[in-house]
Amino acid sequence: MAHRHTVARHGAALTVLGALVLAAIPTAEAADPEPSAGSVATAAQTLGADKPSQQVLLALQRDLRLTSTQARERLVNEAEAGTRAGRLRNALGERFAGAWLRGPVAGELTVATTSAEDVPAIEAEGAKAVVVTNTLAALRAVKARLDSTDILYDTERTPLWYVDVPGNRVVLEAADQASGAAFVLAAGLRPEQVAIRVTEDRPRLFENITGGEAFYIDGAARCSVGFSVTKDQQQGFVTAGHCGKAGAKTTGFNQADQGTFQASTFPGKDMAHVVVNANWTATPDVKGQGEQKVQVAGSVEALVGASVCRSGSTTGWHCGTVEQHEVSVSYAEGTVDGLTRTTVCAEPGDSGGPYVAGVQAQGVTSGGSGNCTDGGTTFYQPVNQILGDFGLTLTTASQQAAPAPQDGAAADAWKSGRVYEVGATVTVAGVRYQCLQRHQAQGAWAPDTTPALWQRL
């Protein structure tokens with residue numbers, strides 16, 4: 001791949017905006033602790049990052065070696081940076097090459113572009129600008145070639161590939177250089193298009209079930225509950241697809257009858273939906289340290305470099321950081337695309353358990369390598385993908401019904417419960433808004449009141 005700090009010159013010419021005029025977003029340091037009457041809440045206040053659970057703070061202090069003040073500062077910085085990154089991604093368009101966080105308290109947001117003319121606009125938003133050769137779309141296209149080749153190719157010795165956003169490259173992890181080079185060649189790609197990293201790590205599924213508590217499948221295997229959800233008034237939860245197939249019966253941590261797998265996808269994706277019986281009630285709780293509860297407020301996707309914590313029925317509560325999104329992992333049982341890679345540890349039985357960033361649901365444990373004694377790497381299936389694919393609504397701490405749609409509402413009217421991607425546009429009361437961060441719309445998060453998630457056009 002080409003080096004950073006160079007401007008792309010190959011392929012079709014890119015249209016460059018003369019100047020990107022963006023409204024300033026308050027920095028984490030400048031954010032008021034409490035919004036005054038009639039004022040607009042900051043991103044951190046909107047997403048609940050300014051009032052984190054004690055369980056999240058304690059785990060961040062332990063696993064990221066932070067003080068209590070640093071842990072609080074980090075969560076606020078991450079929330080504010082997500083909104084900045086979304087605004088810049090929409091403004092840069094096809095020139096956008098990714099965004100990521102760095103520093104102990106995630107105080108440095110970097111945004112990459114393929115045009116040097118974008119640097120002033122990026123810096124004006126309080127971000128560090130990096131000019132690179134490859135757009136994010138171009139890197140994804142290279143990864144897509146590897147994804148399609150995997151269907152016909154034995155990937156036992158090439159188990160992992162992903163877009164390395166800070167490196168502005170596609171990386172293939174392989175048991176040896178020759179195996180990696182052969183896979184790249186089979187995909188019809190040039191050697192310089194994919195960086196090969198030789199490693200002995202071989203991701204495996206954490207087979208065996210709560211937000212973090214155990215559940216059992218057909219009286220045999222154990223996994224971990226992900227997040228509570230509802231569908232058509234039916235209560236249930238999401239977990240990993242490899243934990244069970246549609247129709248499989250589940251019992252809870254107490255071995256009491258619990259529910260049935262309603263839908264399950266694996267491989268390809270690693271997601272499942274379990275509907276529970278009337279004896280079980282969906283809650284926004286995730287099991288934290290020492291039986292304490294952490295409540296989720298939404299599903300806003302965290303940036304690369306953000307902190308994330310995981311709960312599981314084997315190893316409990318652990319934290320780390322997000323390394324890459326949209327990772328393809330070739331397990332022995334089949335390849336799964338679109339996972340997120342993290343530095344959080346996990347072990348068998350943790351599969352399906354929840355990941356949270358602050359109070360935002362992120363995903364459910366798929367697999368990984370290593371353990372929680374020596375450290376390891378884990379991958380999670382993003383929860384927004386599960387919610388969207390299965391038509392589910394995440395159960396949150398501040399569940400609030402959305403206003404009923406008005407007669408004559410626009411075809412693209414905002415709708416609570418829908419998963420919105422960055423760049424999506426909606427209409428509210430005749431006004432157009434553009435999405436800044438991937439999330440499932442909550443009743444309390446209408447575009448006209450949540451500038452952390454939506455930008456007025």
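I start with a term: a polar contact is a pair of N or O atoms within 3.5 Å, where within protein one atom must be able to donate a hydrogen and the other to accept it, and where residues adjacent in sequence count only if both atoms are side-chain atoms. What you see is a predicted model, in which local features need pLDDT of at least 70 and side-chain atom pairs count only at pLDDT 80 or more, while totals for chains, interfaces and linings use all residues. Residues are numbered from 1 along each chain as its sequence is written, and side-chain values use heavy atoms, with hydrogens and water left out.

With that term in hand, please look at Thr 315, whose side chain is joined to that of Arg 310 by a polar contact of 2.8 Å, and to the side chain of Asp 350 by a polar contact of 2.7 Å. Where does Thr 315 lie? Thr 315 is in the loop between β17 and β18, where strands (E, at least two residues) and helices (H or I, at least four) are DSSP runs, numbered from the N terminus. Thr 315 has a relative accessible area of 18% and therefore counts as buried, since buried means under 20% relative accessible area, exposed over 50% and partly exposed in between, with a 1.4 Å probe and protein chains only. If we set aside residues up to four places away in sequence, Thr 315 touches Arg 310, Ala 346, Glu 347, Asp 350 and Cys 372, and contact here means heavy atoms within 4.5 Å.

A polar atom of the side chain of Thr 199 lies 3.1 Å from the backbone nitrogen of Asp 201, and beyond neighbours within four places in sequence, Thr 199 is in contact with Glu 173, Ala 174 and Ala 175.

Let me move on to helix α2 (residues 54-63), where the buried residues are Gln 55, Val 56, Leu 57, Ala 59 and Leu 60. These buried residues pack against α3, β16 (293-295), β17 (307-312) and β18 (316-331). The N-terminal end of α2 is capped by Ser 53, which has a side-chain oxygen 3.0 Å from the backbone nitrogen of Gln 55, and after the helix comes Arg 65, with a positive phi near 55 degrees.

Now to a sheet. Three strands form an open sheet with mixed pairing, in the order β1-β2-β3, and two strands are said to pair if DSSP finds at least two bridges between them. Its edge strands, each pairing on one side only, are β1 (96-102) and β3 (128-131), and the twist averages 20 degrees from one strand to the next. β1 and strand β2 (residues 108-113) run antiparallel and are joined by five bridges; Phe 96 has Thr 113 in β2 as its bridge partner, and Leu 101 stands opposite Leu 109 in β2. These two strands form a hairpin with five residues between them, and Gly 103 in the turn has a positive phi of about 100 degrees. Six of the seven residues of β1 are buried.

What does the interior hold? In the largest nonpolar core, which has 39 residues, Leu 109, Val 111, Leu 146 and Val 194 touch the most other members; a nonpolar core is a set of buried Ala, Val, Leu, Ile, Met, Phe, Trp, Tyr and Cys residues joined through side-chain atoms within 4.5 Å. The largest share of this core, five residues, comes from β1. Among the contacts of Leu 146, apart from neighbours within four places in sequence, are Trp 161 and Phe 183.

Finally, a search of the whole structure finds six aromatic pairs, where rings of Phe, Tyr and Trp (its six-membered ring) pair if their centres lie within 6.5 Å, with planes under 30 degrees apart counted as stacked, over 60 as edge-to-face and the rest as tilted. One of them is the edge-to-face pair of Trp 161 and Phe 183, at 5.3 Å centre to centre and 75 degrees between the planes. Trp 161 lies in strand β4 (residues 160-164) and Phe 183 in helix α6 (residues 177-186), so this pair ties together parts that are 22 residues apart in sequence.

Notes
Axes are lines fitted to C-alpha atoms, for helices over the stretch in contact, and angles run from 0 to 180 degrees between N-to-C directions.
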